[in-house]
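Here is a friendly walk through one protein model, going from its strands to its cores and then to the chain as a whole. Have the viewer open while you read.

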Amino acid sequence: MLNYNDILADKVKNIKPSGIRKFFDILDEMKDIISLTVGQPDFVTPWHIREAGIESLEKGKTYYTSNSGSLELREEISRYLYRRFNLNYSAKDEIIVTVGGSEAIDIAIRALVNPGDEVIIPVPSFVCYEPMVSLAGGKAVMVATKEKDKFKLTAAALQAAITPKTKLLVLPYPNNPTGAIMTAEDLEAIASVLRHTNIMVLADEIYAELTYGRKHVSIATLDGMRERTIIASGFSKAYAMTGWRLGYTLAPREISQQMLKIHQFAIMCAPTTSQYAAIEAMREGDEDIANMRDEYNRRRRYIVNSLKGIGLDCFEPEGAFYVFPNIGGFGMNSDTFCERLLYEEGVAIVPGTAFGECGEGFARISYAYSVSHIALALDKIEKFLAKVKAER
């Protein structure tokens, strides 16, 4: 009988399972749950985008594309980025089309991180960065952001975390789970710390199109930062294309050449059908983005006001589609709060600790759901809070 514990790689065994997945496993065993957990648009991919994918199949366009992705799509990505965010990247050798934003993050980290290198990760943040750093042999250095700072990474906190071993800073804004953004002024403070170092930046900008009242600014547009920045993004959030599994990287050609080697040996190329759909999204999808963003903004205002009305203090998010209310005043930790809410009222939200230890005292609530669905959940949350208060 084989002893798999001796056979499996230590760096894989040592990775902790996702805190989000742990909570979802509980949901799988329950019925009639009102969930506000999923970070996925509730919109169907717009018809003209689906139609482009269908047409590509009907015309037999089912062959491999270039490893980097079809040149036609990369040219559309290049035009889109310049039009929307004043970013200028060559379709020829600075853009790689990937299998979702997750692969984009993975190949960026693996292309840069040697064993022992340190990677600074502001937290709370999405769950994939630390495991990917560990798999590359690096050391994740968590820097806690604070509600009083609107969950932004500050220049002082960054400076304090830098050591001679620091190789990379992950910059995950707009942020999942907090909804925080970084303004041009915020980014300039970060850039001033980095300009005279050899530290690279991995900017996860998957939510760049989902900001409210202020347009997203990429750190790569600041003086001296393009040369030290890799941008990871994709189509999932802006165009409601999660299941199409399509993303991309933007980086100087010298970096892109190395990321491409990882991509071509591990993946070959992203799905061809998805690439044809994405071409249509980039050409004709600006109105789709605006319509979905307006609806998310309506939900954002509704849920923030409602949470405050029922006694949950809540930082007002300026990006993505999550709120991160403070639940620390109810005499229990985040996991207990969320588990009790689930079992007693049938409402699922995600403990803040799923996104880093500093998420203790908070919970993530997604508003990528209809207002009627959110309203039903909020009624039950209000009932739960009243019960908890009566117990104290």
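A residue counts as buried when its relative accessible area is under 20%, as exposed when it is over 50%, and as partly exposed in between, using a 1.4 Å probe and protein chains only. Helices (H or I, at least four residues) and strands (E, at least two) are DSSP runs, numbered from the N terminus. The model is predicted, with local features needing pLDDT of at least 70 and side-chain atom pairs counting only at pLDDT 80 or more, while totals for chains, interfaces and linings use all residues. Residues are numbered from 1 along each chain as its sequence is written, and side-chain values use heavy atoms, with hydrogens and water left out.

**Strands S3 and S5**

Strand S5 is mostly covered, with 5 of its 6 residues buried. For strand S3 (residues 118–123), 6 of the 6 residues are buried, so S3 is largely enclosed by the rest of the structure. In a regular strand, side chains alternate between the two faces of the sheet. In S3, Glu118, Ile120 and Pro122 point one way, Val119, Ile121 and Val123 point the other way, and all are buried.

Two strands pair if DSSP finds at least two bridges between them.

| Strands | Bridges | Facing residues |
|---|---|---|
| S3 and S4 (residues 139–144) | 6 bridges | isoleucine 120 and valine 141 |
| S3 and S5 (residues 166–171) | 3 bridges | glutamate 118 and threonine 166 |
| S5 and S6 (residues 200–204) | 4 bridges | valine 170 and leucine 202 |

How does the chain get from S5 to S6? S5, helix H9 (residues 184–194) and S6 form a right-handed β-α-β unit. Right-handed means that, with the strands pointing away from the viewer, the path from the first strand over the helix to the second runs clockwise.

**A sheet of antiparallel strands**

Elsewhere, an open sheet of 3 strands has the order S9-S12-S11, with antiparallel pairing. Its edge strands are S9 (322–323) and S11 (350–351), each of which pairs on one side only. S11 meets strand S12 (residues 363–366) over 2 bridges in the antiparallel sense, and valine 350 has arginine 364 in S12 as its bridge partner.

**Nonpolar cores**

A nonpolar core is a set of buried Ala, Val, Leu, Ile, Met, Phe, Trp, Tyr and Cys residues joined through side-chain atoms within 4.5 Å. The largest one has 58 residues, of which Ile77, Leu153, Ile219, Phe235 and Tyr239 touch the most other members. Take isoleucine 219: leaving aside neighbours within four places in sequence, its contacts (heavy atoms within 4.5 Å) include Leu171, Leu187, Ile190, Val201 and Met225. A second, separate core of 39 residues has Leu307, Val323, Ile349 and Ile374 among its members.

**The whole chain**

The protein chain holds 14 helices and 12 strands. Its radius of gyration, taken over C-alpha atoms, is 21 Å, close to the 21 Å that the globule rule (2.2 Å times the number of residues to the power 0.38) gives for 392 residues, so the chain is as compact as a globular protein of that length. Along its principal axes, the C-alpha trace spans about 65 × 60 × 50 Å. Buried residues make up 55% of the 392 residues. Among contacts with a separation of 6 or more, 77% join residues 24 or more positions apart. The accessible surface (Shrake-Rupley method, 1.4 Å probe; for residues, only the protein chains shown count as cover) comes to about 17,300 Å², and 51% of this belongs to carbon and sulfur atoms.
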